[in-house]
Amino acid sequence: MIEVRDIHKSFGDTHILKGLSTVFENGKTNLIIGQSGSGKTVFLKCLLGLFTPEEGDICYDNKSYSKLTTDEKRDLRQEMGMVFQGSALFDSMTVAGNVQFPLEMFTKQAKSEMADRVDTVLKRVNLIDAHHKFPSEISGGMQKRVAIARAIVMNPKYLFCDEPNSGLDPKTAILIDDLIKEITEEYDITTVINTHDMNSVMQIGEKILFLKNGLKEWEGSKHEIFKTDNEAVTDFVYSSELFKKVRQMYIEERN
Amino acid sequence: MNYLTQIGSYFIMLREIFKKPTKWRIMKTLVLKEIDELVYGSLGIIIFISFFIGAVVTIQTALNLNNPIIPKNLIGFATRQSVILEFAPTFVSIIMAGKVGSYITSSIGTMRVTEQIDALEVMGVNSLNYLVFPKIIAMLFYPFAIAISMYVGIFGGWLAGVFGGFLTSADFVTGLTLEFIPFHIVYAFIKTLLFAFIIATIPSFHGYYMKGGALEVGKASTTSFVWTSVVIIILNYILTQLLLG
């Protein structure tokens, strides 16, 4: 579980996060949505420990990040997995090399043990055939799956994803969403996803946090988002004609 | 003010490089890879340039020493001094600031743009140690390349001098051994080691802290070349004054 308590983050005179509080539970897919510039990426980077909030605190399973020593912070980082928007795979390494990298860096496992673990996670993301390929030789969807495999290879407690569906076709995007949800439940991890993709919201949004101007505007589940009267949320979620029709149908069905 | 901030950030980066070292098992592979890419991979261009510059230095000296009372062996002497004291350590280092430096800036800068550095940090890896330290260690082998440059430069001078009909082989060899001061070799290698450190770290700084996209990677490479060259030239002056002055 991740508990965020009243965090503030500024860059120079620009106040990005203005007192954000929320809770992300384990075994659930938590989605952060909001317009560009609403502070989603800064918030995610604060959760990852890449940015330090000026005020407030973030607690990971009741451990306050601000009170951790440097070594404890480093240990905590090893309990986090991250899937970057552009996958951020190391292009000088093969698929297997990328997945094996955290094991080589942080464990004392024998080569055979590491290879077994790599095979297990690559099977889990259906990529066992891509073992020896380089990131440049595989598709965007496959790269995302490699990034997921790399993120879960160390059995993390927390999984963070930044726009995992960006640049993917709708079918592949659904595959990635389903995979993240299955992994979240299977490993009982706290998953936080930063997204613009409304399909993801409807598909896997167990908890949705809507940010506006660095503040929490609304939070709830994918079922509640249909019912909300919050104008900022409805404006954002139903900006496309398709979703407007879906909502209309839902309301008509309900009545 | 901005320059001071940059210089401060550079020294903070140097401190960070040596913190929280990467496992030796991984570091060993990285160092070997960097030796291959930065030093071994540069030998071709170093040999090519050294040979022709050595030859040109000899020809220029020969053409300018046309007074009959000046002994011909001074051509060999001038070639040796030019190549050992300045051409091999300084001129080649400036060329390496372009070749190796821009490679370092663009490779690290691309990793920054594609979030690979963020990925390392999120995993808890000291990205500066992982990326820059192997380059510093690899560049410790750079003096070997400069030794080759010295040899090839003088050899080029000998070939051009003798086969161009400017002096005899015996004159050239006499000039080479004339008033030889072994400390000049030490001076050249001290300079080379410091330049190697500069070539490894300044381009890394510009790549690591760059912001933006592909266009900025290109700009960062250019800026890093300019600053590496400026620092090499200033350091060359200071070291010459300190060690030979």
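**Chatting through chains A and B**

Modeller: Let's open with a strand pair in this predicted model: in chain A, strand 7 (residues 158-162) and strand 8 (residues 190-194) pair in the parallel sense over five bridges.

Colleague: Nice. Which residue is the bridge partner of Y158(A) in strand 8 of chain A?

Modeller: That would be T190(A).

Colleague: And what order do the six strands of that open sheet in chain A take?

Modeller: The order is 6-7-8-3-9-10, and the pairing is mixed.

Colleague: Which strands stand at the edges?

Modeller: Strand 6 (80-83) and strand 10 (215-220) of chain A do. Each has a single partner strand, so one side of each is left without a neighbour in the sheet.

Colleague: How much are neighbouring strands of this sheet turned against each other?

Modeller: By 20° on average, ignoring direction.

Colleague: OK, switching to chain B. How many helices and strands are there?

Modeller: Chain B has ten helices and zero strands.

Colleague: What does chain B span along its principal axes?

Modeller: Its C-alpha trace spans about 70 × 40 × 35 Å.

Colleague: And what percentage of its 245 residues is buried?

Modeller: Buried residues account for 42% of them. As for contacts in chain B between residues at least 6 apart in sequence, 88% join residues at least 24 apart.

Colleague: Let's look at two of those helices. At roughly what angle do the axes of helix 1 and helix 6 of chain B cross?

Modeller: Roughly 95°, and the axes of helix 1 (residues 2-17) and helix 6 (residues 127-138) of chain B come within 8 Å. Angles of 65 to 115 degrees count as roughly perpendicular, and therefore helix 1 and helix 6 of chain B are described that way.

Colleague: Which residues make the contact?

Modeller: Helix 1 of chain B brings M13(B), E16(B) and I17(B), while helix 6 of chain B brings L128(B), N129(B), V132(B) and F133(B). By class, that contact has five nonpolar, one polar and one charged residues.

Colleague: Last topic, the two chains together. How many residues of chain B are in contact with chain A?

Modeller: Twelve residues of chain B are, and they touch 14 residues of chain A.

Colleague: Which helix of chain B gives the largest share of that side?

Modeller: Helix 5 (residues 116-123) of chain B, with six residues.

Colleague: And what classes are found on the side of chain B that touches chain A?

Modeller: There are five nonpolar, three polar and four charged residues on that side of chain B.

Technical notes
Residues are numbered from 1 along each chain as its sequence is written. Chains are lettered from A and ligands numbered from 1 in the order in which they are written. This is a predicted model: local features need pLDDT of at least 70, side-chain atom pairs count only at pLDDT 80 or more; totals for chains, interfaces and linings use all residues. Two residues are in contact if their C-beta atoms, placed from the backbone, lie within 7 Å. Helices (H or I, at least four residues) and strands (E, at least two) are DSSP runs, numbered from the N terminus. Ala, Val, Leu, Ile, Met, Phe, Trp, Tyr, Cys and Pro count as nonpolar, Asp, Glu, Lys and Arg as charged, and the others, Gly among them, as polar. Axes are lines fitted to C-alpha atoms, for helices over the stretch in contact, and angles run from 0 to 180 degrees between N-to-C directions. Angles under 35 degrees count as roughly parallel, over 145 as roughly antiparallel, 65 to 115 as roughly perpendicular and the rest as oblique. A residue is buried if 20 or more other C-beta atoms lie within 10 Å of its own, exposed if 12 or fewer, and partly exposed in between; C-beta atoms are placed from the backbone. Two strands pair if DSSP finds at least two bridges between them.
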